[in-house]
Amino acid sequence: MQNERLVKYYRAQNILPDDEWEAFMNSMRELLPTTFRVAGSRQTARLLNDTIKETHAPHLAGVVFEGESVSPPTQIPWYPDGLAWQLNVAKKVLRKSPEFKKFHNFLVGETEVGNISRQEAVSMLPPLFLEVEPHHRVIDMCAAPGSKTAQLLEALHAQDTVTASSFPTGLLIANDSDHKRTHMLIHQSARLPSPSLMVTNHDASIYPAIRVPSARVQDKAGTEQLLFDRILCDVPCSGDGTIRKNPGIWKHWSPMDGNGLHGLQLRILERAMRMLQKGGRIVYSTCSMNPMENEAVIAAALRLMPGFELVDMAKHLPGLVFRPGLSSWQPAVDRSVDVSFAKYGDYIQSLPENKRAESKMVESHWPPTPAEAEELRLNLCMRIYPHLQDTGGFFVAVLQKKQSAPGPPVARELPEGKRQADAVEDLETSDGKKMKLSDEPPSRTGTGEEEGAGAAADDMPLDVSAEQPNIISAVAAPVTPEPAKGSTGKGKKATKGADLSFKENPFTFLKADDPAIRACISQLNLKPDFPAANMLIRNPTGETVRSMYMTNDIVRAIVEHNDYTRMRLVTCGTKVMGKQEGAAAKREGAESQFRVLSEGLPVMLPYVEPASILSADLATLKVMMESYYPVCSQFQERFRSAVEPKGQGCYIVRFAPGRLGTASLTHDLVLPIWKSTVSVTLMLEKKAKSALSLRVFGEDITTAAREAAQKRRDGEASTTEGA
Ligand SMILES: C[S@@+](CC[C@H](N)C(=O)[O-])C[C@H]1O[C@@H](n2cnc3c(N)ncnc32)[C@H](O)[C@@H]1O
C-alpha cells in the first residue's frame, strides 16, 4: 500500500493541511467498514429500520468475541431518518459469533429480497443532494449498477404505503452506456417496481433529445424537448477514492487516469446542463479525489454554459464532515509527476510543434485564475476524505440552472434543413463563451468503464452541430407521433432516425378494450379509473403472449412520441401481470390466464375494488407457507368458505396484523394467490417467501426450506454411511 507518485501528486494538489496528511494516508490503508441502507419506500423502510434499532442493535450491544468486546451496528449520523448503518466488525466475528451470525443471516436475507442495500456511505450522498420529489423528471446519466438509481426511485415513490405503490407523475430515466450493465439496472429496480421508470443505453455525452407533447406547440407534431428537473451525473472516474475497497489501485495508480477521463466527464456534464430545466438541479459526483476529474470539470462546465451556479449544500446534511472544493491545482503532464506547467500555454509551447495537436492535455485541465475561481465559487464543491468519518474518498458538486439562464427554447423560423431541436441547442449555448474541449474520443483508460462509451458513440445516429466543432450534441430526429397505439412494433416500417443496430423488443401499448386487458379487469375486479391505456407488452409481433407492463402517463407519452431504438430504450414501466404458466394452471389443462405478479401487486392494488380482496389471518398464512398447494379443507372455516367457491384464477389476499404463538405480523400484508379447483398457491417467489417467513415466524417454515434441510440430512447420512 505504497505509491510514491500518488503521494507526490496529492501533496502537490494541497488537498489537505500538513497536520492531517498522516491520518489521511493511514486511513486509506484501512479496511472500509460495512455500510448498508434500509431500502424501499419510506413507510416500509421505517418498519424494518425499527426492527434493527429496537431488536437487533440492542441484542448486539455488549457482545464479547475471543475476549474482546465487539461494537454493535451504529446509525450513520447524517443519513435522514437514521436509515443507514455502519458495522465495524471483522468477517470472522460475523461468521463465528452466534449473535452476529444471526444478524448477518438477517442482513443477507433482507438484501436478497431488496429491503437492504449494501452501499458505501459516501455513495449515498448524491441522491440526497438531488432532493427528488414525486413530480420531478429525473435522469441518472451513468446509472449502473444502480444503487443511486434505487435511492432516486425511493424518493419518487415517497408517498407509497406499506402495501400500495403510489403513481408518481414524475419520471426517472436510468441510463448507462454499457448494455450489459443496463440489465443490472433492471434487476436493481425490480426491488421497487415503478411505472415511472425507463432504462436506456446511451453514451450520456451524446444523450438524444426526447420529445414530449406540449401545450406551447413547438413543432408540427405538437411536441417540445423534454427538459429535466433533476439530473445525476455520477460519471465514470479513476476511482481512487475507493482505494480502501480496491487495494489494487495502490499498484496501478497514475495521474494520467484522471487526465484521460476529464474530457468525457466534461462532455457528460455539459450534455446534462443542456437537458436541464430552469431552476433545475444537477448533482455531479465521482469517487475520485483528483481535481482533474472534479473541480477542473466543474470550472470548465461553468465557463462553457452561462446561467448555472454552484449551490451551497454545507448545511444540508447535519453531521456530514467534508472539506471545501479546491480553487487551484497542478496538472501532471506525464506519469512521473515530475513536470508541471503553471499555464496551458506554457505546456503547449514546451512541445515540439508536430506533437501539439496530439496532446491529450487541454486548457480545461488547468486551474482558473484566483479571481475566476472565486467568482465560480469552486469552494462550494464538497470533498470527502477517508479519515474524516471512516469512509471512502468522494467528490460531489451541486449545480443549479438560474431562472435567468438563456432560453427557453422558442419556436422560430429555421433555415432549410435545420431542425427545431438544433435551435434549442443553439439557444442554450453561449457562442461567446465556447472553449476548446478535448477532441479525443471518450477515453479508454482508467476504470475501463468508459469503454462502453466509445462503443456507444461509434454506433449512435448522431447529429453533430456544425457550429460546435468540439462539442458533440445529440438532437431529436423528427419522429412521427403515433397517437393511436404508440408502438413501433407490429410490422411497421422503421421510423426515420431509427437505430437499426438496437436489438431490444419494441413496446406496444394495448388498446383499453384488448381481450387480455378486459380479462384482467374482470378477474381482479379493477376500478373504472384503472389506466388500461398505459399497459404495454414487449415482443416483436405485438401479441399478448407473456407479460404486461404498467407505465405512468409521462412514460407513455415518451414512448409514443419517440422512436424507441433511437432512444435505445431497454425497458420501461414495471411488469404487473404474467401469464399463468406454472404447474397449477397446467394441471387444470385449462386455457392460460393472466395473474398479477407479486412484485406488480403494489402498483395494481390502488385500482382493485376493496370488496374483492379476500381477508385472512396469520394461521392462513402459515398454512400457505408450509405447503406448496394446500387444499381448501386445510384452512379454517372463514377463509375456506370465502375461497372454496371461487373459480380457477388469480385472487388477492389481505392478511391482517396479529399474533400466532411467537409469530407476529405488525402491518397489513397483501399477496396474490392462485386458486385451482381444490387448492390454493401463494404466488410468491421462493426467496421472498423464506425472507417473509423469517420476518413473521422467526424461522423459515416454507416447504422449500424443509426440503433443503431434508436434502442436507440425507447427504450427511450417506456420508456417514460411506465412512
Ligand atoms: C461510477 S459508475 C456509476 C455508478 C452508479 N451511479 C451507481 O451508483 O450504482 C459509472 C458508470 O458509467 C458508465 N459509463 C461509462 N461511460 C459512460 C458514458 N459515456 N455514458 C453513460 N454511461 C457511461 C459505466 O458503464 C458505469 O456503469
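Me: What kind of model is it, and how are residues numbered?
Reply: It's predicted: local features need pLDDT of at least 70, side-chain atom pairs count only at pLDDT 80 or more, and totals for chains, interfaces and linings use all residues. Residues are numbered from 1 along each chain as its sequence is written.

Me: Which domains is the protein chain divided into?
Reply: Domain 1 (33-118), domain 2 (123-328 + 366-459), domain 3 (483-579) and domain 4 (609-710). The bounds come from an automatic or database domain assignment.

Me: How many residues of domain 1 are in contact with domain 2?
Reply: 16 residues of domain 1 are in contact with 17 of domain 2. Contact is when the C-beta atoms, placed from the backbone, lie within 7 Å.

Me: Which helix gives the most to that side of domain 1?
Reply: Helix α3 (residues 42-60), with 4 residues. Helices are DSSP runs of H or I, at least four residues, and strands are runs of E, at least two, numbered from the N terminus.

Me: New topic. What does the UniProt "binding site" annotation cover?
Reply: In the unreviewed UniProt entry, the annotation covers residues including Ser147, Lys148, Asp176, Asp203 and Asp234. UniProt positions are given in the numbering used here, feature names are shortened, and annotations may be inferred rather than shown by experiment.

Me: Is lysine 148 buried or exposed?
Reply: Lysine 148 is buried, because 25 other C-beta atoms lie within 10 Å. The cut-offs: buried is 20 or more other C-beta atoms within 10 Å of the residue's own, exposed is 12 or fewer, partly exposed is in between, with C-beta atoms placed from the backbone.

Me: And why does serine 147 count as it does?
Reply: Serine 147 has 19 C-beta neighbours inside 10 Å, so it counts as partly exposed.

Me: What does lysine 148 touch?
Reply: Not counting residues up to four places away in sequence, lysine 148 touches Ser123, Pro126, Pro127, Asp140, Leu232 and Asp234.

Me: On to strands. How many residues of β17 are buried?
Reply: In β17 (residues 394-401), 7 of its 8 residues are buried.

Me: Which strands does β17 pair with?
Reply: Strand β13 (residues 276-286) is joined to β17 by 6 bridges, running antiparallel. Antiparallel β14 (residues 308-310) has 3 bridges to β17, and antiparallel β16 (residues 382-384) has 3. Two strands pair if DSSP finds at least two bridges between them.

Me: What stands opposite leucine 310?
Reply: Leucine 399 in β17.

Definitions and conventions: Contact = placed C-beta atoms within 7 Å.
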